[in-house]
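Please open the structure in your viewer and keep the selection tool at hand. The tour moves from one selection to the next and says what is to be found at each stop.

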Amino acid sequence: MIRKFLNRVFGKKDAPADPASDPAIIPFKRHGIKREHLSSGSRRVVETLQQRGFKAYVVGGAVRDLLAKLPPKDFDVATNATPEQVKSCFRRSRLIGRRFQIVHVMMGAETIEVTTFRAMHANNAPTDSFGRVLRDNEFGSMAEDAARRDFTVNALYYDPTEETIHDYHHGVADLQQKTLRMIGDPKVRYREDPVRMLRAVRLGAKLGLSIDPAARNPIREMGALLENVPAARLFDEMLKLFTSGHALACLRQLREEGLHRGLLPLLDVVLEQPEGKRFIALALENTDRRVREGKPISPGFLFATLLWNEVLAHWEKRKTEGERPIPALFEAMDEALEVQAEKLAITRRIAGDIKDIWALQPRFENRSGKRPYALLEQPRFKAGYDFLLLRAAAGEVDQELADWWKAFLQAEGDERHALLMPATSGDKNRRRRRRRKPAGAPDAPAQA
C-alpha cells in the first residue's frame, strides 16, 4: 500500500495532464440533456449506485454524442465503487477482464458497462520499446480518471439525478467550438496508445470536428507506431471506423493524415486506381447510408468490398497465365486474405463471410438451366447479389447483368423461366461429360 501511495504521489513521469480537482459543473440550462435522453438501464445503474452511497455517472461517448445531437451507440457508467462492490449491487451482473476488471450489468435486454475510476499512469507502468503502455490497472479518483481519457470531449461525466455535466478539461466548450483536443501532451499520449491516432480521425469525421494542430501535427510522423499494435485490436478499431456512419469521411481523413498506408495494405493499391477508387467510394457510401437509416451492416460485406479489387487483380493475372477461372479465384482470395492478416486479425467467421461473397460472383454469369435457381438457394445469396450491384454501378461488370438478376428476382413462375438464357455450347459439353459412362464401368443389362 505504501509503494502504491508513493507511486501515486511522486511517480507521475509524463503524466497525461495535471488532474483538476474542481471540475466545471454545467447545469441543464446550458447543456440541454434531460435524464430521459439516457437509456433506462443506465439511469437505473447510476441511481442504484448513488443510493448505495457511491459516486456514479454516465460517461464518455454517450454524453459527447448527446451534446452533439447524435444517438449514442451505448451508455457506459463510471463510479468510485470497486468492481466487487458494483457486482454486489446488481443480481444480474458479471466481472469481465483480468488486468483491470469491469462489470457488465444486465438491465433487461440492455448491458451496461461499469468501470471504476482509474488512476493516472505511474512512471513504473510497463511499456514496450516504443512507449506503448502494456499494463496499467490502478484505481484512482474521478479527476484522475478524467485526465486519463484521450480527448477533452470524452472526459465528460453526466449525473442524471442532478442533470449536470462535470467537465474537467473544457470538453463542452471544445465541442461547441468544433475542436478535437487531446488531454495532455499528444506525443506522449500517442506513444502510450497509438490507436488514439485512429480515434482522432474517427471522432473528427463523425462529429465534424477539426483536429487541434497540437494533436494533428504529430500524427504523420508517429503513424508508424501503429505497426506495433496487436492485429486483433487494430481490426476492432478499423471496424469501428468503417461502421461509424462516416466511413467515406474517415477514409479521406486517413489519407490526409497518411495513416491509410499499412493499415489496409491492399487498400493502398486500390486507392491509386480510378476504377478501384470508385468501387470503394460506392461501397462506403452504401454503408454510411445503412448506418444512418438504422439498418444492419455486415462486417464481412464491408471488408469484401474493401479488398475486392486486389483479389480481382490477382484473379485476372492467374487467368492470363492459363489457370482455370474458379481455382484461380480461390487462390487469389486466399492470397489477399493472407497478406491482410499480417496487419489485421480478421476473425475466422468474418473471413468466411468474405470468401462466400467473393466465390458467388462468377456464378452470376450463369443464367441458363437450373443454375440461377440453385444460386437463389445459397445462404449468402443476398450479400452476393448486393455485391454484384456495386460492381455494376462501378462499371466493373455490365449493368445488363445486374438488371437481369433484378428482373429474375422480381419475376415468378413462367415469367421467371422465360428470362433464362439459352444454354451455351460450354453448358452442353459439361452436361454431355456428366452423362458419359465412366471408364471401366460395366455395361447396362439388356432390356427384356
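Predicted model: local features only at pLDDT ≥ 70, side-chain atom pairs only at ≥ 80, totals over all residues.

**A helix with a buried side**

Within H10 itself, which spans residues 213-222, select Ala215, Pro218, Ile219 and Met222, which are its buried residues. They cover an arc of only 125° around the axis, and therefore they lie on the same side of H10. If you now turn to the face directed away from that buried side, you will find the exposed residues Asn217, Arg220 and Glu221.

**A loop beside it**

Next, select Asp193, which sits in the loop between H8 and H9. Is Asp193 buried or exposed? With a relative accessible area of 10%, Asp193 is buried, since buried means under 20%. When residues up to four places away in sequence are not counted, Asp193 touches Arg199 and Arg233.

**An enclosed strand**

Move on to strand S5, residues 102-107, where six of the six residues are buried, so that the strand is largely enclosed by the rest of the structure.

- Strand S4 (residues 93-96) pairs with S5 in the antiparallel sense over four bridges, and Ser93 stands opposite Val105 in S5. The two strands form a hairpin with five residues between them, and in the turn Gly97 has a positive phi of about 95°.
- Strand S6 (residues 110-116) also runs antiparallel to S5, to which it is joined by five bridges, and here His104 stands opposite Glu113 in S6. This hairpin has two residues between its strands, and Gly108 in the turn has a positive phi of about 65°.

**Annotated positions**

Which residues does the UniProt annotation "active site" cover? According to that record, which is an unreviewed entry, they are Asp74, Asp76 and Asp150. Select Asp74 in the loop between helix H4 (61-67) and strand S3 (76-79), where it is partly exposed, with a relative accessible area of 43%. Asp76 lies in strand S3 and is likewise partly exposed, with a relative accessible area of 27%. Showing the contacts of Asp76, without counting residues up to four places away in sequence, brings up Tyr57, Val58, Val59 and Glu113; Glu113 is the S6 residue that stands opposite His104.

**The nonpolar cores**

For the last stop, select Leu49 and Trp358, which, of the 94 residues in the largest nonpolar core, touch the most other members. Helix H15 (residues 299-320) gives the most to this core, with 10 residues. Centre the view on Trp358 and, leaving aside its neighbours within four places in sequence, you will find it in contact with Ala304, Leu307, Trp308, Val311, Leu329, Met333, Leu337 and Phe387. To finish, select Leu401, Ala402, Trp404 and Phe408, which are among the members of a second, separate core of 15 residues.

Conventions:
Residues numbered from 1 in each chain as written. Heavy atoms only, no water. Buried < 20%, exposed > 50% of the residue type's maximum accessible area, 1.4 Å probe, protein only. Arc of directions from axis to C-beta. Core = buried A, V, L, I, M, F, W, Y, C linked by side-chain atoms within 4.5 Å. Contact = heavy atoms within 4.5 Å. Pairing = 2+ DSSP bridges. UniProt positions renumbered as here; feature names shortened; annotations may be inferred.
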